[in-house]
Amino acid sequence: MNVEQIGTAAGAVWQALNSADALGVKQIKKVTKLKKEEIFAALGWLAREGKVNIDTDPEDEKELIVSLVQA
């Protein structure tokens with residue numbers, strides 16, 4: 001996976017999150033059709049840019065809940 005692919009994946013994840021209040025990683029995978037590794041790389045990209053909030057699901061601590069940072 002190169003930087004361009006990660007950037008493209010980050011765009012797809014951002015679009016998915018922009019159309020929802022918050023999504024779990026499983027939901028992001030379903031919406032974007034990305035592999036888990038691509039999703040985590042994209043989330044790292046978006047987190048580094050300060051564009052996402054990442055929390056654990058209170059009902060399932062193994063699941064992450066992701067939302068866009070509100071400007």
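The expected span of a helix is taken as 1.5 Å times one less than its number of residues. In this predicted model, the 13 residues of helix α3 should therefore span 18 Å, and the end C-alpha atoms of α3 are 18 Å apart, in agreement with that value. The buried residues of α3 are I39, A42, L43 and L46. These residues lie on the same side of α3, because the arc they cover around the axis is only 105 degrees. E37 and R48, on the other side of α3, are exposed. The cover over the buried residues of α3 includes α1, α2, β2 and β3. Among the buried residues of α3, I39 touches V25, I28, K29, T32 and L34, with residues up to four places away in sequence not counted. G50, which follows α3, has a positive phi near 75 degrees.

The sheet is open and consists of three strands in the order β1-β3-β2, with antiparallel pairing. Its edge strands, β1 (23-24) and β2 (52-57), each pair on one side only. Strand β3 (residues 60-68) runs antiparallel to β1 and is joined to β1 by two bridges; L23 stands opposite V66 in β3. Helix α3 (residues 36-48) lies across β2 and β3 and runs at about 125 degrees to β2.

The largest nonpolar core comprises 16 residues, and V13, L17, I28, I39, V52 and V66 have the most contacts inside it. Two or more residues of this core come from each of α1 (3-18), α2 (25-32), α3 and β3. The contribution of α1, at five residues, is the most given to this core.

How values were computed: Residues are numbered from 1 along each chain as its sequence is written. This is a predicted model: local features need pLDDT of at least 70, side-chain atom pairs count only at pLDDT 80 or more; totals for chains, interfaces and linings use all residues. Side-chain values use heavy atoms; hydrogens and water are left out. Two strands pair if DSSP finds at least two bridges between them. Helices (H or I, at least four residues) and strands (E, at least two) are DSSP runs, numbered from the N terminus. Contact means heavy atoms within 4.5 Å. Axes are lines fitted to C-alpha atoms, for helices over the stretch in contact, and angles run from 0 to 180 degrees between N-to-C directions. A nonpolar core is a set of buried Ala, Val, Leu, Ile, Met, Phe, Trp, Tyr and Cys residues joined through side-chain atoms within 4.5 Å. Buried means under 20% relative accessible area, exposed over 50%, partly exposed in between (1.4 Å probe, protein chains only). The arc is that of the directions from the helix axis to the C-beta atoms.
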